[in-house]
Amino acid sequence: MLTNPLTCIVVHLFFGGISCLPVCAKPTEDPNIPAIAKYFSTKGRYEEVNPYLIEDIFAVNKSLIQLPHAECREIHLTAIIRHGTRYPTSKNVKKMQQLHNLVIHNASKSWLGEIKYHWTMWYTEDMDGRLVQKGVSDHKHLAVRLSKLFPSLISEEKLRDRNITFTTSSKHRCVNSTLAFKRGLTELWTIEDEEFDHVVNDALMRFFDQCTKFVEDVDKNPSALDEVDKFKSGPEMKRVQEKIADRLGVPYNLINYDMAEAAFYLCAYEFAIKTVNSPWCQLFDEVDAQVLEYANDLKQFWKRGYGHDINSKSSCILFHDVFSRLDKAASEIKSGNQVSEAVTIQVGHAETLLPLLTLLGFFEDSDRLTSRNYASQAHRAFRTSHMLPYAANLLLVLYDCGEDGLRLQPLLNEKPLGFPGMADHQASVPLYQDVRERYKDLLQGCDFETECQLFTHPANV
């Protein structure tokens, strides 16, 4: 129920498990957006990363792209994009159904009427990670914005001339995101007489499945995520679980980590898919959300990020693919020719992007994320809520700046990044040859077959 001029939501504050107070949101806050939405990590909306899109989904901020001088012109763009908003996986649907049943049969607090009598468990296991309509829109809108940001590259002429290529993971959510991206362009330019192909390439977009060392040493190895398990059973998470149990009015032993995570996901999915501020969100305050965000960041850190060297090295094949294309474009320009492939759109997963971002050295903190340093990591750079929302994208834009040479600019989620270790180079658009020098060890090595091979110890032969 809404009360003007303030929007009142029920927030439960417990002192000895007794008192319960309604807290009113400020008039400037949107009651349709959960107060904890910015902590949804890989289940977050793209709009939370770029809030100006809430007002205008086609808005772009060209002023963010600061080039050395007006003579610079973009000659190539590689975009590696995560699929759009999706349904939960069948594994998470099962946990969400379990939590819902627990609330229906065990919870006793009076405020739960909206969940118990008015909210229906509509998630089914057969949804299993498929793209939702919001995910289609994510990619259609992104396509239009990128055409506004880089009009000389993403143009009707270049699309019709097949100078824009599309590659995707084989997963339905990625294929359908790719189709949506293409549809965003064809509808923008009212192209009805042609279709544009895409290539399915799991070797590039799902390299992690084909990297044996990663699969055996990390993916299938429970001890690889020891720090995650320790945090899940640690004091911060225990307190979150107790607070949820208090808010529901159920015994503490009924709310384990899986149930806490399921409630958090119900809040996140209801918002991402339906733009609804669900009653499930009232189970959390900001402190709880920060703890659950850290748990997910820990998982991503140890399974896809800096936790284990093979996590990033598994992306060697994609790293070389990107730089071989940049090298080709640079060579064509230096020879006085047109760039043959102006734009490359590659659609994959959060698990595609994060290892590559890690390999390139982005978002690395001075201290590793562990189960013991939650408090000191409050201002960490490695925050998946900022890095990897649905439709997250890494853009690498190559510019020809005439006498100032070829320059390369990285952007994440349409915002410029600085290459790690290159702070002294001109803004965030260093010379391409300097970028190649920065990554020369990877360019001369980082062989996928070598890195991903499982070596047998001589003693075990």
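Guide: A disulfide here is a pair of cysteine sulfur atoms within 2.5 Å.

Visitor: How many disulfides does the structure hold?

Guide: The structure holds 4. This is a predicted model, where local features need pLDDT of at least 70, side-chain atom pairs count only at pLDDT 80 or more, and totals for chains, interfaces and linings use all residues. Residues are numbered from 1 along each chain as its sequence is written, and side-chain values use heavy atoms, without hydrogens and water.

Visitor: What is the handedness of the C316 and C446 link?

Guide: Left-handed, with -85° about the S-S bond. S to S is 1.9 Å for C316 and C446.

Visitor: Where do C316 and C446 lie?

Guide: C316 is in helix α14 (residues 316-334), and C446 is in the loop between α18 (440-444) and α19 (448-452), so the link ties parts 130 residues apart in sequence. Helices are DSSP runs of H or I, at least four residues, and strands are runs of E, at least two, numbered from the N terminus.

Visitor: Is C446 buried or exposed?

Guide: Buried, at a relative accessible area of 6%. Buried means under 20%, exposed over 50%, partly exposed in between, with a 1.4 Å probe and protein chains only.

Visitor: And C72, what does a disulfide join it to?

Guide: C401, with S to S 2.1 Å. The link of C72 and C401 is right-handed, with 115° about the S-S bond. C72 sits in the loop between α1 (46-49) and β3 (73-82) and C401 in the loop between β7 (393-400) and β8 (406-412), so parts 329 residues apart in sequence are tied together.
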